[in-house]
Amino acid sequence: MSRDLRNLIQYFKEKDGVNEVGIFGFCWGGKVAMLAASSPDLPEIKAAGLIHPSSIVTSDAQKVRAPMYLLPSKNEGDMVSLIWLEKFRLIDIIDHGDSFV
């Protein structure tokens, strides 16, 4: 996964001068997005979105380096501990006035 994302980011760097990207995933892709946002090999990933994520656990969030947007469905497991972990950890990551498109 990391190699494929690295190649994709490199393509957009060379083609369009893109230096920062966001990633989102649906279902098991949410796990992929979270892992990508945790990878030290992918510092260009500045935000992640997880839409009805599957197979994630609170310990996955320990290494995330970017803000995450969580959209669980009613069938997802309890994500409260993950949300609180991210909320308080992000105080040290995001400056007031930052926005992500």
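Helices (H or I, at least four residues) and strands (E, at least two) are DSSP runs, numbered from the N terminus. The model is predicted: local features need pLDDT of at least 70, side-chain atom pairs count only at pLDDT 80 or more, and totals for chains, interfaces and linings use all residues. Residues are numbered from 1 along each chain as its sequence is written, and side-chain values use heavy atoms, with hydrogens and water left out.

**First stop: two loop residues**

Select Cys27, in the loop between β1 (21–26) and α2 (28–36). Its phi is positive, about 55°, although Cys27 is not a glycine. Most residues other than glycine have a negative phi. Cys27 has a relative accessible area of 30% and is therefore partly exposed (buried means under 20% relative accessible area, exposed over 50%, partly exposed in between, with a 1.4 Å probe and protein chains only).

Proceed to Ser55, in the loop between β2 (45–51) and β3 (68–71). Here too phi is positive, near 65°, in a residue other than glycine. Ser55 is exposed, with a relative accessible area of 55%.

**Second stop: the sheet**

Display β1, β2 and β3, which form an open sheet in the order β1-β2-β3, with parallel pairing (two strands pair if DSSP finds at least two bridges between them). The edge strands, β1 and β3, each pair on one side only. Neighbouring strands are turned by 10° against each other on average, direction ignored (axes are lines fitted to C-alpha atoms, for helices over the stretch in contact, and angles run from 0 to 180 degrees between N-to-C directions).

Between β2 and β3 there are four bridges. Select Gly49 to find its bridge partner Tyr69 in β3, then Ala48, whose partner in β3 is Met68. On β3, Met68 and Leu70 make up the covered face, and Tyr69 and Leu71 the uncovered one.

The whole structure holds three salt bridges (a side-chain nitrogen of Lys or Arg within 4 Å of a carboxyl oxygen of Asp or Glu). Select Glu44 and Arg6, whose closest N and O atoms are 2.7 Å apart. Glu44 lies in the loop between α2 and β2 and Arg6 in helix α1 (residues 2–16), so this pair ties together parts that are 38 residues apart in sequence. Glu44 is buried, at 8% relative accessibility, whereas Arg6 is partly exposed, at 25%.

Finally, select Asp16 and Lys15, whose side chains meet in a salt bridge (3.5 Å, N to O). Through shared partners, salt bridges join Arg6, Lys13 and Glu44 into one network.
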